[in-house]
Amino acid sequence: MDVLSPEDNSYEDYYNAEGLEEFGLCKKTHVKEFSHVFLPVFYSITCALSIIVNFTLLTLFIKYKTLRKVLPLHMVISDILFTLSLPFWAVYASSEWIFGDQSCKAISLVYMHLQKSKEEYYLEGHGQIPAENEGKHGDIVTVQLGGFYFHFITDPLSFGSVVKEARTKLDFTKFAELLVARVFGYHSMESEHKVLQASSTKHLMGDGLVVMTQAMMYNLQNLMLHSVGSGDDNQWQETGLFTYSYNIVFRAGYLALFGNESVKSTETLEKAKEIDRQHSDELFKEFRKYDQLFPNLAYGVLGPSEKMEAERLKRLFWSTLSVQKMRSRDNISGWVSDQQQVRDEQGMQEFMQDRFMFLLLWASQGNTGPAAFWLFLYLMKHPDAMNAVKKEVEEILRETGQEVKRGGPLIDLSRDMLLKTPILDSAVEETLRLTAAPVLTRAVLQDMTINMASGQEYKIRKGDRVAIFPYIAVQVDPEVYPDPYTFKYDRFLTPDGNKKTDFYKGGKKLKYYNMPWGAGTTMCPGRFFAINELKQFVFLMLSYFDFELKNPNEEIPGIDIRRWGFGSMQPTKDIQFRYRLRF
Ligand code: HEM
């Protein structure tokens, strides 16, 4: 199947208004006409008033320093920056964005500028900072983002009061529903979360994971080892390590979950495998294009040309993963087929199910590939870690009577074998600590109190958001992890070689010390499968390939912080490496 020109390129179904109306979307022509006139006028008046008020305040601040105690100076500066972006929004609202992509990003950044406030400002004191807290770094930091007050809990000892709070007070669905509607065009059904959790428990954990591990192995072998023994790939190949790792892990994960080319439609299994290799590679290239647009798409700040590209890509994925096309594939995972079945039974239209398939692809493939890159890079940059992992891999193969040799059978890695790798587990956990940075967000459904571990109570208003950003709050906290930005492969190992779980802050043991998978009811249901994918990838690389960095002295690239909040981070640039099959 050629994903670049899918046979079925009619997309009317996806945009048919009848379907959308059922999901509650109205025709918005009159609203748009009104907003073309109203918004520019509104923005202009707001801009003028805001300039007058904020510059007056600034003058007063300079004259009367005591005023700064009542209203922090940085809030006035934030307001001025925000005000300066309004003329641009006024022009945009009246016609379209005419200032180019770069300025769109710059203005959007200013718009989203964090208005960091003294924590009590929005809480009990309504502008008064209680004297006992003045100057202290509190347990909550409040920021204004896209029109909402987000209260970030910064004390990891207090995470439980958010993660475990009842859904009637702190709701996770609202935020997620809005995001998936914007990014994937999918409108959630009633029991969405329950269905996803139930099928994930069945197919991505326990016995289900045994099947998924086999499927992943089969596809990794097809992608990485298809030319073993033929002598074809024995020459050094040079490429970017990020591109390579993401490509392999994405494609194998996709094929394991969404199935293989049907052998019935090809003459032989070999032909079907070849089509899998080609099709998944094409799909990966398109996925990366969407991936790169993703942060701006999620923030709702794409420029016009990017918007068109995002639409094209969405349609392509809806079509490629459509329920109709899935019917003709072999080995579709229970995880994917269960989702389709339940939605069918609940009467969801097929075009909406297709959109959900894209969402599943995203959730399952957007994080593991980047994580595989970081893991492999850290191992390559730390020879002690690489040697320890290599030794463990060789030990497991020896124990299970397997040998990597010319002309011999390909090695197989079962889920049980992958349970006996404490060193690799620790290296994976350390990699995720350094490179996974999700934000957990909950909508506040009623006025409520958050009880902190320190005994402090904070009153939070209905309509606000409560959030946790574990990366900053705990994952790189030097008190919890000395020398926090250094990769230490054995950080999560006890002296006797078991998994280490005791980490402390302020002398107290932390329950939430590393949170790459989120926490609570929304915790990533694919985490066990993801860890297996990473380990299988490393096993095969170490067993079958020679590899080296093109420039061994090149620094580990930085993290692209535009992705903060979305799970696995990506590097600011790729890093070149060479690899070749050993035989
Ligand atoms: C290194 C790889 C991965 C990372 C770092 C990761 C991380 C996350 C995070 C942080 C969340 C949100 C948790 C929250 O809001 O509290 C999430 C949700 C999710 N992940 Fe993963 N994930 C990974 C791989 C996978 C894989 C391989 C699958 C499936 C095969 C998967 C399926 C999902 C699904 C379906 C959700 C949504 C759960 C819900 O809404 O209840 N993830 N993941």
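## Ligand shell

In this predicted model, four helices each supply at least two residues of the shell around the ligand: helix 9 (192–203), helix 16 (350–365), helix 17 (368–381) and helix 22 (527–544). The ligand is surrounded by 25 residues, of which N367, P438, G518, C524 and G526 are the closest.

By class, 16 residues of the shell are nonpolar and 9 are polar, while no charged residue takes part.

## Helix 15

Helix 15 covers residues 334–345.

The buried residues of helix 15 are W335, V336, Q339, Q340 and R343. Viewed down the helix axis, these buried residues fall within an arc of 135 degrees and therefore line one face of helix 15. They pack against helix 9, helix 11 (241–258), helix 14 (323–326) and helix 16. Helix 9 and helix 16 also contribute to the ligand shell. After helix 15 comes G347, with a positive phi near 80 degrees.

An open sheet of 5 strands shows mixed pairing, in the order 1-2-8-5-3. Strand 1 (140–145) and strand 3 (170–171) stand at its edges; each has a single partner strand, so one side of each is left without a neighbour in the sheet.

Strand 3 runs antiparallel to strand 5 (residues 440–444), and 2 bridges join them. L170 has V444 in strand 5 as its bridge partner.

Notes
Residues numbered from 1 in each chain as written. Predicted model: local features only at pLDDT ≥ 70, side-chain atom pairs only at ≥ 80, totals over all residues. Near = placed C-beta within 6 Å. Nonpolar A, V, L, I, M, F, W, Y, C, P; charged D, E, K, R; others polar. Expected span 1.5 Å × (residues − 1). Buried ≥ 20, exposed ≤ 12 C-beta atoms within 10 Å, placed from the backbone. Arc of directions from axis to C-beta. Contact = placed C-beta atoms within 7 Å. Pairing = 2+ DSSP bridges.
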